[in-house]
Amino acid sequence: MIEYAVRSHLLADPAVASLIDDRMTPPPIPEGSALPCLTYTLAAITEDHQEGDEDTLEMARLQIDCWATSHKQVRQLAEAVRRALPRTTGPIGTGANRMEEVAIHPANNGTHIYEPETKRHRVMMEFRLWYPVRFGGGA
């Protein structure tokens, strides 16, 4: 699944990992979690499948939220995520979560929000990802 490929890709990136270790989960942030951290939400998946084809191209919208206790720290994390997921086409992820031929396009470079109730800074980012999906049993 594309969100797991992105997660493993980001956690394997030294700049991202140095800031969050392995703190990247679907929302909400687990209670008592250390900051900074990332959350991710698969917002939508659409597909382009032609009848008779064994392959289809899916497009996913993935929202990644950067969380920290300071403006500076959340901006550093957002920049590390941007650099780790450049506008590119190729493999992403590691091990069982590796996907080939993924095209990444940043759709929103980061909206900064301060949440006074929690005293957390958040940068919301959205990426569009295109990737092939194979159907049927062709060679």
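Trainee: In which strand is T39 found?

Mentor: In this predicted model, T39 is found in strand β2, which covers residues 37-49.

Trainee: Why is T39 called buried?

Mentor: The relative accessible area of T39 is 1%. Buried means under 20%, so T39 is buried at its value of 1%.

Trainee: What makes the pairing of T39 with W67 a polar contact?

Mentor: The side chains of T39 and W67 meet at 3.0 Å. The cut-off for a pair of N or O atoms is 3.5 Å, with one able to donate a hydrogen and the other to accept it. The pair formed by T39 and W67, at 3.0 Å, is therefore a polar contact.

Trainee: Which residues is T39 in contact with, leaving aside its neighbours within four places in sequence?

Mentor: They are T25, P26, P27, I29, Q63, I64, D65 and W67. Contact here means heavy atoms within 4.5 Å.

Trainee: Where is S8 placed, and why does S8 count as buried?

Mentor: S8 lies in helix α1, residues 2-12. Its relative accessibility is 11%, and the limit for buried is under 20%, so S8 counts as buried. Beyond its neighbours within four places in sequence, S8 is in contact with G93, T94 and N97.

Trainee: What makes a set of residues a nonpolar core, and how many residues has the largest one?

Mentor: Such a core joins buried residues of the nonpolar kinds, including Leu, Ile and Val, through side-chain atoms within 4.5 Å. The largest core has 30 residues, and those with the most contacts inside it are I2, V6, L10, L38, I64, C66 and V81. At least two residues of this core come from each of α1, α2 (14-20), β2, β3 (55-68), α3 (71-84), β5 (99-115) and β6 (120-134). The most is given by α3, with six residues. In soluble globular proteins, nonpolar side chains tend to be buried together.

Trainee: Which residues is L10 in contact with, leaving aside its neighbours within four places in sequence?

Mentor: L10 is in contact with V16, A17, M24, L38, I64, V81, A84 and L85. Among these, L38, I64 and V81 are also listed with L10 for the most contacts inside the core.

Trainee: How many helices and strands does the chain have, and what pattern does it follow?

Mentor: There are three helices and six strands, in the pattern α-α-β-β-β-α-β-β-β along the sequence. Of the 139 residues in the chain, 35% are buried.

Technical notes. Residues are numbered from 1 along each chain as its sequence is written. This is a predicted model: local features need pLDDT of at least 70, side-chain atom pairs count only at pLDDT 80 or more; totals for chains, interfaces and linings use all residues. Side-chain values use heavy atoms; hydrogens and water are left out. Helices (H or I, at least four residues) and strands (E, at least two) are DSSP runs, numbered from the N terminus. Buried means under 20% relative accessible area, exposed over 50%, partly exposed in between (1.4 Å probe, protein chains only).
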